[in-house]
Amino acid sequence: MPAPALRGLLLYERIANAQAEFRLNNSGTTKPSPPKIIPRADHTVSRDEFSKSALKVLYRLHKAGYQSFLVGGCVRDAMLGLHPKDFDVATNATPDEVRALFSNCRLIGRRFRLAHVRFGREIVEVATFRAAANHADDDHAHDEAGRIVRDNVYGSIEEDVWRRDFTCNSLYYNIADFSIWDFTGGVEDIRERHIVLIGDPDKRLREDPVRMLRAVRFAAKLDFTIDDTVVEAMRQDRPLLANVPAARLFDEFLKMFQSGYAEKTFELLREHDLFSLLFPATDDEINKDDAYLAFVRAALRNTDKRVRSNQSVTPMFLIGVFLWKPVTKLAAKLRSKEKMSESQSLSLAAYELSGQQQRRIAIPRRFTVPMREMLALQPRFAHTRGKRALKLLQHRRFRAAYDFMMLLASVGQFDEDTAQFWTRVQNESAEQRGVSFQVTATKKGRRRRRRRRRPSQAKSPS
Ligand code: ATP
Ligand code: MG
């Protein structure tokens, strides 16, 4: 195998050549460059890997005389022996033609319409082939940095392939004969476990800087290496991530951190200096404080464990972890200026910092509000005596706040014995809790004492 740098060059050349050939062919009268077609006998992708619903859609389109392919992540994952869960269909049928074939179909998207065909809870997405962004007489608009802001021209499969991001995401599975169509060398890159951008890496990242995050996400999930050509372009274009609308980054945040590969994604984001663009306040602190970095890693590992064992996860928890250190610092500052409780100061600081974070990543309020509550409850775990401490068990955010506290304890940032106390009391009866929190005894004792001291009052109804 050639050295990595040379390999990168060769890859780049291969794709550039294929694209050049495509453009050349398309500008003349000859047909566009043909794909490498891998017949069923020569690949390992079996129909068993695809959902019944996806197959139904594919077959119906095919029978109606349209081209009908599975494309993208599902083909890639099936080839890797992972079990794909969502299915993207690509066809030359227009959205209206797709709708005419399926009664359970809804068209979504205003500029570029997609068909969603619904089977119970499963949705199969059907997209009409789109033309490449660099096509001549097109309707693509770019902003000054080269970012695509409009992308709505139908095309052929030969055009559709060039607007996809990575070679591993550009394989088409043809339902007509179960072959795989490979225009970009994707099969080889999957075999070599390489993330390679289709076309000129710099141009493709400028068109859509989110592709940098996607590269990292796929590298983490698939255990692939990001190709040197892509790494180099990422180094150059990383500031462009700032141009991406905050709303889009929240979706990407969820995919990066709630798919079971959060820890690895985090390490790769740091390695490529992208984490600082997403969570600047967090990045500042983890670079200064190893204990906080250990806490963040523990939270990510824990999230991955939960996802993989099908336990529920909520983005508010990780966001709370990412903001914890900046929040505690700001809270301390607030307390030094004004008299307020620790909880109050944490709540105020969390409000301020989640506001700042939302300008970068549009985290919906339904996550930031409970996150603030979860953080503001933390000081209350230090108190284990009395009614107020007991009442914490009933708080609607107790569960999340408790998990958060346990995580702090697991990395030595909260007292281990106190943490165990809170674990224990959850399984206790009301009576036992009374003893644990020294509530019942105190109450009765006080009453008895009172009665003894003022016997006349004890008779009055209360
Ligand atoms: P997964 O579903 O595991 O996240 P995926 O590859 O299916 O991976 P999707 O976001 O579902 O990712 O996108 C489906 C396909 O659409 C991709 O495989 C790729 O071909 C194309 N695609 C998605 N996002 C982009 C993008 N930002 N730029 C270019 N092509 C994209
Ligand atoms: Mg997908």
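Residues are numbered from 1 along each chain as its sequence is written, and chains are lettered from A and ligands numbered from 1 in the order in which they are written. In this predicted model, local features need pLDDT of at least 70 and side-chain atom pairs count only at pLDDT 80 or more, whereas totals for chains, interfaces and linings use all residues; side-chain values use heavy atoms, with hydrogens and water left out.

The chain contains 23 helices and 12 strands, assigned as DSSP runs numbered from the N terminus (helices, H or I, at least four residues; strands, E, at least two). Of its 462 residues, 51% are buried, where buried means under 20% relative accessible area, exposed over 50%, and partly exposed in between (1.4 Å probe, protein chains only). Contacts are defined by heavy atoms within 4.5 Å; among those between residues at least 6 apart in sequence, 67% join residues at least 24 apart. The chain exposes about 23,500 Å², with carbon and sulfur atoms supplying 49% of that area (Shrake-Rupley method, 1.4 Å probe; for residues, only the protein chains shown count as cover).

A polar side-chain atom of Asp 208 is placed 2.7 Å from a nitrogen atom of ligand 1. Oxygen atoms of the ligand are approached by an N or O atom in the side chain of Arg 217, at 2.9 Å, and by a polar side-chain atom of Arg 76, at 3.0 Å. The protein covers 81% of the 590 Å² of accessible area that ligand 1 has on its own.

Beyond its neighbours within four places in sequence, Asp 77 is in contact with Leu 82, Pro 84, Lys 221 and Leu 222.

In total, 27 salt bridges are counted, each a side-chain nitrogen of Lys or Arg within 4 Å of a carboxyl oxygen of Asp or Glu. One of these pairs Arg 211 with Glu 207 (2.9 Å, N to O); Arg 211 is buried at 8% relative accessibility, and Glu 207 is buried at 3%. Another joins Arg 113 to Asp 96, with the closest N and O atoms 3.2 Å apart. Because Arg 113 lies in the loop between strand E4 (105-108) and strand E5 (114-119) and Asp 96 in helix H4 (residues 95-101), this pair ties together parts that are 17 residues apart in sequence. Arg 113 is partly exposed, at 28%, as is Asp 96, at 38%.

A further salt bridge links Lys 329 and Glu 285 (3.1 Å, N to O). Lys 329 belongs to helix H15 (residues 315-337) and Glu 285 to helix H13 (residues 280-288), so parts 44 residues apart in sequence are tied together. Salt bridges that share partners join Glu 285, Lys 288, Asp 289, Lys 325 and Lys 329 into one network. Within this pair, Glu 285 is buried at 8% relative accessibility, whereas Lys 329 is partly exposed at 38%.

Terms used. Polar contact = N/O pair within 3.5 Å; in protein donor to acceptor, adjacent residues only side chain to side chain.
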